[in-house]
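Here are some notes for a colleague who is new to this structure. Please read them with the model open.

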Amino acid sequence: QQQQQQQEQQPNEGNETAEERRAFLREAIAHMQSAPTAADIAKKHLSDLDIATRSIGEASSMNNQEQEEVVERATVALEELCDQCADIDQANDMIPLGGFPVLERSLDANDSALQAGSFQLLGTLVQNNPRCQQHALEMNLLEKCLHHLDHSCSAQVRVKAMYATSCLVKDYDPAQIAFAEQDGFAILGRSLKSNNEKLTTKASFLVTNMVAHSTKNAEYIIEHGILAQLLSLLSSSRTQSLEHVARTVCRLTELHAPCLAEATRQRSVLTPMLEETIAALKAREDDLYKDEIDHIEQLIMTIS
């Protein structure tokens with residue numbers, strides 16, 4: 001009897017482990033139910049962005065410190081949304097969550113940092129994403145991109161607007177047609193004349209993608225003087241964008257016979273200019289411009 005009492009007093013390790021397991025599962029389920037979902041997090045970030053956009057539009061009701069605080073929250077929200085929407089499913093979720101109307105307002109925010117971040121987010125949403133490309137186009141966001149690209153006083157905003165434009169039109173026929181109809185090629189040509197080398201570089205990439213996608217775009221490139229503008233940039237003193245411009249011109253002459261014909265037509269003027277550029281690059285002590293030299297030498301051979 002004493003032995004039986006001792007056995008009853010001893011803990012049942014099997015039952016105790018099972019009970020602990022059940023308690024753990026209950027706690028885990030409760031935590032999962034209470035933890036915010038990706039949609040909840042996105043809604044919170046969109047709310048912070050919209051509050052900032054609307055508040056800055058009513059700047060007289062806020063002091064400087066309050067404005068800085070809401071802008072800081074919105075800037076963090078934009079960064080978090082960009083990270084989250086790098087996943088295409090999360091990007092598509094922004095449509096039913098009402099993210100695009102919020103973004104539409106923030107693209108016109110009275111703050112260049114918010115505008116730039118908003119264009120970055122737009123580019124992230126539509127990049128290689130036909131569903132979001134279609135939605136953005138239906139909301140006339142391409143028109144906003146082109147407007148700010150052409151008219152913004154902020155270099156940062158213009159660069160980000162160019163990025164968003166490139167992502168919106170890439171490999172998407174309806175957007176490329178709208179780009180042409182909305183004078184996008186003329187705006188692209190003006191962007192290449194900018195002293196902002198980041199803008200020139202992104203514009204060069206856009207030219208290459210547009211021509212690679214459609215021969216009709218190559219005709220627009222010649223018609224709007226963009227090829228001539230690119231050729232003139234090869235004789236400039238710019239260094240950061242030179243490689244990209246040279247690569248773009250080489251690609252244009254490879255992809256489209258009229259571009260090659262136009263470059264060849266200017267051979268007598270173009271060749272000495274390109275040779276001078278090569279000589280200037282080779283005169284530098286470093287070896288940083290090998291790629292630029294290779295592209296320009298290739299172009300000389302192509303038009304010879």
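1. The largest pocket is lined by Q127, N128, M162, Y163, S166, C167, K170, T201, K202, F205 and N209, and the elements that give two or more residues to this lining are α10 (155–169) and α13 (197–213). Here a pocket is an open set of points on a 1 Å grid, where a 1.4 Å probe fits, with protein on both sides within 12 Å along at least five of seven lines, and lining residues have an atom within 4 Å of a point. By class, the lining has 4 nonpolar, 5 polar and 2 charged residues.

2. This is a predicted model, in which local features need pLDDT of at least 70 and side-chain atom pairs count only at pLDDT 80 or more, while totals for chains, interfaces and linings use all residues. Residues are numbered from 1 along each chain as its sequence is written, and side-chain values use heavy atoms, with hydrogens and water left out.

3. Helix α12 (residues 184–192) and helix α15 (residues 226–233) have axes that come within 10 Å and cross at roughly 10°, which means that α12 is roughly parallel to α15 (angles under 35 degrees count as such). Their contact (heavy atoms within 4.5 Å) is made by F185, L188, G189 and L192 of α12 with I226, Q229, L230 and L233 of α15.

4. L97, found in the loop between α5 (88–93) and α6 (99–106), is in contact with A39, A42, K43 and L46, when neighbours within four places in sequence are left aside. The C-alpha atoms of L97 and K43 are separated by 7.1 Å, although these residues are 54 residues apart along the chain.

Methods. Helices (H or I, at least four residues) and strands (E, at least two) are DSSP runs, numbered from the N terminus. Ala, Val, Leu, Ile, Met, Phe, Trp, Tyr, Cys and Pro count as nonpolar, Asp, Glu, Lys and Arg as charged, and the others, Gly among them, as polar. Axes are lines fitted to C-alpha atoms, for helices over the stretch in contact, and angles run from 0 to 180 degrees between N-to-C directions. Angles under 35 degrees count as roughly parallel, over 145 as roughly antiparallel, 65 to 115 as roughly perpendicular and the rest as oblique.
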